[in-house]
Protein chains: 2
Amino acid sequence: MLQRLGVFTLCLTLLTPVGWSADGDGLSGYAAASAKSEQDWEAKFRAIPDPANLRAYMQRLTARPHHVGAAYDKDNAEWILGKLKEWGLDATIENFDVLFPTPKERALELVAPTRFAAKLEEPAVASDPTSGQHAEQLPTYNAYSSDGDVTAPLVYVNFGVPEDYEMLDRLGVSVKGAIVIARYGGSWRGIKPKVAAEHGAVGCLIYSDPHEDGYFRGEVFPDGPFRPRDGVQRGSVMDMPIYPGDPLTPGVGATRGARRLAINEAETLTKIPVLPISYADAQPLLAAVSGRVAPESWRGSLPITYHVGPGPARVHLKAAFNWDTKPLYDVIARIPGSANPDEWIIRGNHHDAWVNGAQDPVSGAAALLEEARGLAALLKQGWKPSRTIVLCFWDGEEEGLLGSTEWAEQHAAELQQKAAVYINTDGNDRGYLGVAGSHTLEKFINGVARDIEDPEAKLSVWKRLQFFRIANPPANAADRQEARTRADLRIGALGSGSDYSAFIDHLGVASLNIGFGGESEGGIYHSIYDDFTWYSKFGDPDFTYGRALAQLGGSAVMRLADAELLPYDFSDFTDTIRRYVNEVEKLAQDSREQIVERNRRLDEGLFAAIENPREKLLPPPKEQTPPFLNFAPLENGFAALQRAAEQYNQALAQASAAGGAKLANASLREANAKLIAVERSLTLKDGLPNRPWYQHQIYAPGFYTGYGVKTLPGVRESIEQKQWKVAEEQIARAGRVLENAGETIQSAAAALSSVAR
Amino acid sequence: MLQRLGVFTLCLTLLTPVGWSADGDGLSGYAAASAKSEQDWEAKFRAIPDPANLRAYMQRLTARPHHVGAAYDKDNAEWILGKLKEWGLDATIENFDVLFPTPKERALELVAPTRFAAKLEEPAVASDPTSGQHAEQLPTYNAYSSDGDVTAPLVYVNFGVPEDYEMLDRLGVSVKGAIVIARYGGSWRGIKPKVAAEHGAVGCLIYSDPHEDGYFRGEVFPDGPFRPRDGVQRGSVMDMPIYPGDPLTPGVGATRGARRLAINEAETLTKIPVLPISYADAQPLLAAVSGRVAPESWRGSLPITYHVGPGPARVHLKAAFNWDTKPLYDVIARIPGSANPDEWIIRGNHHDAWVNGAQDPVSGAAALLEEARGLAALLKQGWKPSRTIVLCFWDGEEEGLLGSTEWAEQHAAELQQKAAVYINTDGNDRGYLGVAGSHTLEKFINGVARDIEDPEAKLSVWKRLQFFRIANPPANAADRQEARTRADLRIGALGSGSDYSAFIDHLGVASLNIGFGGESEGGIYHSIYDDFTWYSKFGDPDFTYGRALAQLGGSAVMRLADAELLPYDFSDFTDTIRRYVNEVEKLAQDSREQIVERNRRLDEGLFAAIENPREKLLPPPKEQTPPFLNFAPLENGFAALQRAAEQYNQALAQASAAGGAKLANASLREANAKLIAVERSLTLKDGLPNRPWYQHQIYAPGFYTGYGVKTLPGVRESIEQKQWKVAEEQIARAGRVLENAGETIQSAAAALSSVAR
């Protein structure tokens, strides 16, 4: 209980509701007696996970390549199912049939001014036995690239994000009819071919610059953890910011009989062929590009002068795929709730990989499996969770969150009714706690993190993260002060990149993504070297962070499943929403000022005056001065939310003072139902502009970032894209969901007040 | 006159005194009639400089290597002398005899774990004829390195500045008994062996990483302007922040009969042997270093993982020198003043180089020569400058500001009496105006810059610089606003690195350093490739910026030499001093807060808690909490200065209103004498802590930066070095010089008032 002592707990006690019962010992949503019982059960649970098991699971699950369609993918699913059943859990495999292209032909060659044929192959490493399983490995490729056979001049586009194309415009370089070469990083990879195609490129190469995860970072594999010269990052380039999951079944489960689009109707396939390459293959291509020297921030760590082109390098790129349908094997275990079986706590991690996938995903999947073993053991000891727990081992995450998305779409109606919380993991490393998710769960997960011990520092993972936040740039004095004194450490918002997406973005289920990291960097992501040899040397060799993850995930699931009142909190949530509102208001103001300033410079002739004639930059285009936007609807929505949050806190305090309530109390059931509905009330059925699948109005992956979150996405992205009319509409819509959320919170408060009476 | 129109001139008119005479058309210090005459003469002058001459001078002066001691160094001096005389100027060569070591033996080899012998040679380039003059070239070396023959493990120390050693301490790496390898950049090169020796290193290598001026920046020579793989930066490593000039004659001119120190008494020689190397020679050494991976900001652009060491690389370094005395040839021309011959305007640029030296220094020296031709032509047309003009072509700048320092020391008494302003140049490139110097001259040089046309943009160089300041990061909205509305563009403060040092730092002569740059980057600095071939292709190929420099320098000299009242201004000066006072007060506060915060972290156990066990960082040492410092003396001094500046402005306004005065007026003479004395009053005879040669209390090169300025150096450096007691003393001393300056300004105001009566 070390982590509960000291100044921080004091602050917590003073500043926040202390729980459902005044005697609840800080366990929110629990009456005194049940809090004690919960703590006992959780303590028992946390003693169970064993690093030796994690190690053994990883060895088994990574023994062969296990991508979708591989024999060992199915084999793993069945082995997981067997384990779950062996431990006494009610488990099953759910199948879906999805479009999953694999390479039929891949070719890349420099055809001018000199010739060079790219190897497109990752060599085996003698000290790494599984790296030699060539027959079973997927070749290096980007899934959902279109077929294509193009020969064109090469243009280097840095990360290939929209800002890079703004710079290309100023450099006077067009990618129209060209093949672009972008480096990995700066966005989710699928953004690169999408933006390239929008600008008229006919092909896209994506390479791993040693600056990002190669020798610039440290020793390369097998001497160190970083990407060797021939290492390639595979990965999906499906346009997931439109919708993830099977491209042919948007919005519905890809069951055998589901209605499917024709392949050419699928919006999420790339418009141009794409191929990922190593830096050994990229260097001769980049060295053959001349023209303007690349802007300084575009230059990587290859021993060359980086140029933009176009040409004189000309490249022939050919990519042809087998457009097959492949089966998915989602392994789902259910622990039925004893009191509230229709309130679900869902926990998931995918089991499929690009190749052997030790770090991604087995380091997380193994922890979930050990978590399952622990919960199963408690059940045998008499533990009876109040809510239903659903444990999910997803298939097909790598290709586009296939297994989770299809499952969530298939069960959408039931999930909308019953899903209280989804907790995701996806790989795990040594280091600090990382949490992102719904801010209604910020206080809750802070509480759990205080109870998990960091295996290195022997402090709570919460305390260690607090120290990290205090110590690490860009922390300024104000950030430090906040990290030291705010009751809860802030959590991030969820963008995309793992299986929470369908839950939070599409269905509006409050979600969390958790894990450890920051101390075991590497460069084997999505390569044949992400395997047991790598992970047991450079990842989490003694699997103690894997144990911590199992303890954290399991404790969170138990605490949510057993709470009499679901421990959502609306103070941290409101505090966070205030920041987002401030951000979008500032964004609008800054955007306006930037355009005014730039137009002024154009009028003054500034761009021409300061131009270096040897490095000409075209002036940016003149733009219409943006209107001032009406943020009143958003402010009104926020005010309603804030009032509701205060009412809820009062109702909670009264209920606490009244000493909790009986579990059978119908008002309590009503309160829980309303609480579950709060996240749902943050969605709108017609979704975000041009992407109706994304219904959540507070969180979404950026249309042009992919991984990176855009909060208040409708408002923020329309301002970023200078669509002022859309922005006004989106402000009104965002204001409306805040009002809706306020009403739902108020109804929860009303139910709670009747509990207390 | 384009540049005088518009909003900026309007602001100027409203905010600042308009000149000595109310009719003075903005020419400060001139009565109406004399302003008109001055403008006519200046216009005539600016029509004279001819790019064809600059080109011819450069071809002649760079035809052979012309370092101190080279036959062609003397030859160039005599040729310059001949030119000056040919144009009718009174010119002479002044000789000094200085210690100038040249290599007898240089060897560098990796002896473990593998063997590699460094080449230490710059190869000739076929397309560059002078690059093949091996017989006359100085080998690659650092002048004033000590002799040494050491074999030791290698440690990579990044730039080798004090902060880097703080990081090494935290990494647990000591350089005691090691040879350090530092990259060029981050400080003046002489700092690197000095700090290395302070930490116990036995040898020092300095290499040019391609990140700083090689292929990372752009094409390498001869295809482009950047440093080729075997290119080496020669240069002095004399400890100039103690005193520049001949190491054996500190404070006095190195005339034949001067009293000299023994070599082993000279404080400014390095304590350990130093050798500069190319990146071709550095790469095998760095690749052989292992141990901890270097911190991210330490990594350059070689295709290796940068490690810190120590070892296993062991290096044998041998350097032995001929410790010879060599003659200097300063070429000095005098144009006697017609009315105030004992008030001197001094203008200088060095003529010596490390090798052929086209950019450094001939691009500047040629402009000065053309400037001299222009002034000589005006004299023949009847122009009679009121003050004496002294034109100086210094020798031995590269080795340690030898020629200028010895001359200034030799003539110190006379200069202290008579020197009004020193204007320095040292090389020139294409681009924007760059000015640093005494802020009493800020307004003056802004005025001159408004009259010089930029050859590319066809705007005044002032206007172009203003646009540049508006446009370029890190300009924020406030910086932009200031650049748009402040009457004068701010000028930088002078650190060191060129021949102004003895004038401003030692003698307290108001000084300026001017030039153009920013559009012709390169990597040939101090190599055999800095020659006519390079400059005429990559420097200023049509020599139009050379012409602009001659126009700027000559106009400034003329305007100072002819002004009835010297155009010092104390408003910009006071404004700048206020900023410096704010800075040191904030520095003390920040330093205190940092130490308090760090001590708190040590008490909390934060460092241990967040440590990555695989990348251990030792905690920093606990430090005593600094006292609050008493800044009152500095504030009082500032208040006195501010009052005096206001009084001066009032007196100037009255004098202007009175319509100027007769030149013969004794009070005017008195006012000018007092004005000249203002900069002198900013010095203290006992100088800065531990370096009495540096007498100026507002500007000095940093003891640990070399080039980089430290303003209010006594105060700032004692705070930086956490010498709190010294800081209190230095605050009082700085306050005193501000009071002294205030008194001198007041006496100038009093003299001016009596002029106006």
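Which residue stands opposite A:L275 in strand 8 of chain A? The residue is A:L205, and the paragraphs below place this pair within the whole structure.

The model is a predicted one, in which local features need pLDDT of at least 70 and side-chain atom pairs count only at pLDDT 80 or more, while totals for chains, interfaces and linings use all residues. Residues are numbered from 1 along each chain as its sequence is written, and chains are lettered from A and ligands numbered from 1 in the order in which they are written.

Chain A contains 24 helices and 16 strands; these are DSSP runs numbered from the N terminus, helices being H or I with at least four residues and strands E with at least two. Along the principal axes, the C-alpha atoms of chain A fill a box of roughly 80 × 65 × 55 Å. A compact globule of 757 residues would have a radius of gyration near 27 Å, and the 26 Å of chain A agrees with this; the radius is taken over C-alpha atoms, and the globule rule is 2.2 Å times the number of residues to the power 0.38. Of the 757 residues of chain A, 58% count as buried. A residue is buried if 20 or more other C-beta atoms lie within 10 Å of its own, exposed if 12 or fewer, and partly exposed in between, with C-beta atoms placed from the backbone.

The opening pair belongs to two strands of chain A. Strand 6 (residues 203-207) and strand 8 of chain A pair in the parallel sense over four bridges, where pairing requires that DSSP finds at least two bridges between the strands. Strand 8 (residues 274-277) of chain A is covered on both faces, with A:V274 and A:P276 buried on one side and A:L275 and A:I277 buried on the other. Helix 23 (residues 713-720) of chain A is also mostly covered, since seven of its eight residues are buried; among them are A:P713, A:R716 and A:E717. Just after helix 23 of chain A, A:K722 takes a positive phi of about 60°.

An automatic or database domain assignment divides chain A into domain 1 (106-321) and domain 2 (571-756). In chain A, 17 residues of domain 1 are in contact with 12 residues of domain 2, contact meaning that the C-beta atoms, placed from the backbone, lie within 7 Å. On the domain 1 side, helix 5 (162-171) and helix 6 (191-198) of chain A are the elements that give two or more residues, and helix 5 of chain A provides the largest share, four residues.

In chain B, helix 5 (residues 162-171) holds B:Y165. B:Y165 is buried, with 21 other C-beta atoms within 10 Å. Not counting residues up to four places away in sequence, B:Y165 touches B:V195 and B:H199.

The two chains remain to be related. A rotation of 180° with 0.0 Å of shift along its axis superposes chain A on chain B, with an RMSD of 0.0 Å; the superposition is by least squares on the C-alpha atoms of residues with pLDDT of at least 70 in both. That is the relation of a two-fold axis. The contact takes 27 residues from chain A and 27 residues from chain B. Helix 14 of chain A gives the most to the side of chain A that touches chain B, with five residues. Because 100% of the interface residues of chain A are also interface residues in chain B, the copies meet through the same surface.

Definitions and conventions. Two residues are in contact if their C-beta atoms, placed from the backbone, lie within 7 Å.
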